[in-house]
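User: I am new to this structure and would like a guided look at it. Could you take me through some of its side chains?

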Amino acid sequence: MKVTKENLSDIREDYEKAHRYIDEESKNDPPTEPFRSHYTARDLLNSALRKVKTLSEALDQDSEVATTVRCIHANILKDIGKITIFVEEPRGEVLLKEALELIEKDSGKEPTINVHIEILNQLGIMACNLSNFAESKQYLDQAKDIYCETKELDRQPLTMADLFGTKEEVEKGKGLKLLESNHTLTLYYLAQVFGFLDNLADSARYCHMTLRRQLEYNEFEYVDWALNAATLSQFYFPKNHLSQARHLLAASTFMLNRYETEVVEKITNPAERAEKEETLRYRMADVGRCWAKYGLHILCASKERLSADDEPNEHGEIAAPLTPVKKMDRFVGLDLAAYEGQVTDEFCLTFDDAKLVMLNSLSWLNKAKEYYTKETEASQYAKILQDIASLYKHLAFFEEDDGNQCKLFKRGADQLEEIVEILNATYYQTICREAWYELGLTYSNMLNVKLSQLDEMQAKDRPTPHALNKINHLSEKSIRNFKKFIESYKIELDTLELPETIDADEMQPILYAFFHIGRLYYRIITPDKRLKLQNTENSLFYYSRFVECCQDERMRPLFAQELGVCKEMISLLPLKVEKLKNEMAEG
């Protein structure tokens, strides 16, 4: 039997009508019937399926025309399967596998290429959504192999419209364009699967390939592309691929600015425009926070790099200094010089270097605060304040002047104080815990600076009451915040007994808090012997509990240096306690 355009016209009509329902009519489906258009489309596709089966039965199964009809058949089955999955009904996988089996014997032939890849992509997506990641990867790898073979052998894949027409009516280039689009989807899902399989390097590589192809073939949505690029940057900068991370962030910002000029500003409907502007503000705030994380990493890594021990190791080798990785893949056709020029892709060596990075990150975070306000997004607002506090803390490392260093610590502390002031600790316990702990450390760092200044002062003159009060005030503020942190774990301050439910990750900062409080009580300066005795006993208590808790085998290796100090202190402090008691008795 010869297949003509007339034989296929009814099938084509049902198929194209079904896709109009999926692509257009479904946008108007009421919330009470969200799948109405998809059900109608499936009915039309089932009608086309019956007709194509009847047509297929009358053909020589080894003929070229039978291959074309089988491909039409497989496309229809695939689309019914996709709808079945979309409307959350069973049998979607069965239909896709039936479509796959239908074209197995024609694998490699030009009419089958696109539908074969599309079916494998759908099976891969479905397996991924069901957390069957190894199975998903198998399907997607097969799809990738078909694409590579097609390109290598210079085959000419076809579209569904080509299958319905004659050879003379094949739209040149449309099949190849569809092939590239299908392959981009394959790579996109491979990136997800590699991520779920904890192969983050390949996940990042495939994600970058996807972004590059979306640009190349102009198949992207501005906001999604920008967010994916910004998210990908978060993989690269912790590995010190600073140039690559900065390039991705620059591309992300560039794309959001294009979204504003090419989409938002051209919308005339006020309500629609307001909605798009809100999306832009939201996503620009998120990308800004990614820029800030990039800057924070540079400051933190620069600090570690400058603090690194340059002494030879046991083999007589000196570790090479940390250096940023310059290797990168650029996006073609994007002019990003202005965006990349705003911040360095090198580590900082001086205060001036660090200040430029810090101010750039601070600028982004202040913009993000315009969207994430404490009234509307309290938890996100608090996280921004945490990042701002970290910026001041890291910049303080580079400041050589004691007075200025203290001012930077104080600015960081102000951010953290705002967090515990605006958040209800019952509902935002984790963030408040982090803020209390960081406040304890910050005030302790400020105390260290003041003690250093006191030592210099005592070498020349008697310290002023103001200087002594400042030291005591900082000690007390640090102690108060560390105690709030400890109490948040339901630990009684009069016993410091740790609940059995506390795991190793939580124990470490709790023990650090014990250690710091022991030290802080010992640093309080007072002429009152009764208060001095009380502070010395408190110091002994916290040091003793620290040493007792370090008997836990999980903790001992983490506190080798502190443990030595504490053991020495708990051998000396009882003598001091006795001395103070005797002095008080004699007095």
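**A guided look at the side chains**

Analyst: Tyr437 counts as buried, at 15% relative accessibility; buried means under 20% relative accessible area, exposed over 50%, and partly exposed in between, with a 1.4 Å probe and protein chains only. This is a predicted model, in which local features need pLDDT of at least 70, side-chain atom pairs count only at pLDDT 80 or more, and totals for chains, interfaces and linings use all residues. Residues are numbered from 1 along each chain as its sequence is written, and side-chain values use heavy atoms, with hydrogens and water left out.

User: How many aromatic pairs are there in the whole structure?

Analyst: A search of the whole structure finds 28 aromatic pairs. Rings of Phe, Tyr and Trp (its six-membered ring) pair if their centres lie within 6.5 Å; planes under 30 degrees apart count as stacked, over 60 as edge-to-face and the rest as tilted. One of the pairs is Tyr437 with Phe485: the ring centres are 4.9 Å apart and the planes are at 55°, so the pair is tilted. This pair links distant parts of the chain, with Tyr437 in helix 17 (residues 429-460) and Phe485 in helix 18 (residues 465-487), 48 residues apart. Helices are DSSP runs of H or I with at least four residues, numbered from the N terminus.

User: And Phe485, buried or exposed?

Analyst: Phe485 counts as buried, at 3% relative accessibility.

User: Which residues form an aromatic cluster?

Analyst: Tyr512, Phe515, Tyr543, Phe546 and Phe559 form one aromatic cluster.

User: Where does the charged end of Arg283 sit?

Analyst: The charged end of Arg283 sits over the ring of Tyr282, 4.0 Å from its centre. For Lys367, the charged end sits over the ring of Trp364, 4.7 Å from the centre. A charge sits over a ring if NZ of Lys or CZ of Arg is within 6 Å of the ring centre and within 35 degrees of the ring normal.

User: Changing topic, how many salt bridges does the structure hold?

Analyst: The structure holds 33 salt bridges, each being a side-chain nitrogen of Lys or Arg within 4 Å of a carboxyl oxygen of Asp or Glu. One of them joins Asp141 and Lys137, at 2.7 Å from N to O. Both residues lie in helix 6 (residues 133-152), four residues apart, about one turn of the helix. Asp141 counts as buried at 19% relative accessibility, whereas Lys137 is partly exposed at 24%.

User: Which parts of the chain does the pair of Glu583 and Lys529 link?

Analyst: The side chains of Glu583 and Lys529 meet in a salt bridge of 4.0 Å, N to O. The pair links distant parts of the chain: Glu583 is in helix 21 (residues 560-586) and Lys529 in helix 20 (residues 529-549), 54 residues apart. Glu583 counts as partly exposed, at 29% relative accessibility, and Lys529 counts as partly exposed too, at 36%. Elsewhere, salt bridges that share partners join Arg246, Lys326, Asp345 and Glu346 into one network.

User: What is Glu180 in contact with?

Analyst: Leaving aside neighbours within four places in sequence, Glu180 is in contact with Tyr147, Lys151, Arg213 and Tyr217; contact means heavy atoms within 4.5 Å. Glu180 is in helix 8 and is buried, with a relative accessible area of 5%.

User: And Met358, which helix is that in?

Analyst: Met358 is in helix 14 (residues 351-371). Met358 is buried, with a relative accessible area of 2%, and touches Leu299, Leu391, Tyr392 and Leu395, not counting residues up to four places away in sequence.

Notes:
Helices (H or I, at least four residues) and strands (E, at least two) are DSSP runs, numbered from the N terminus.
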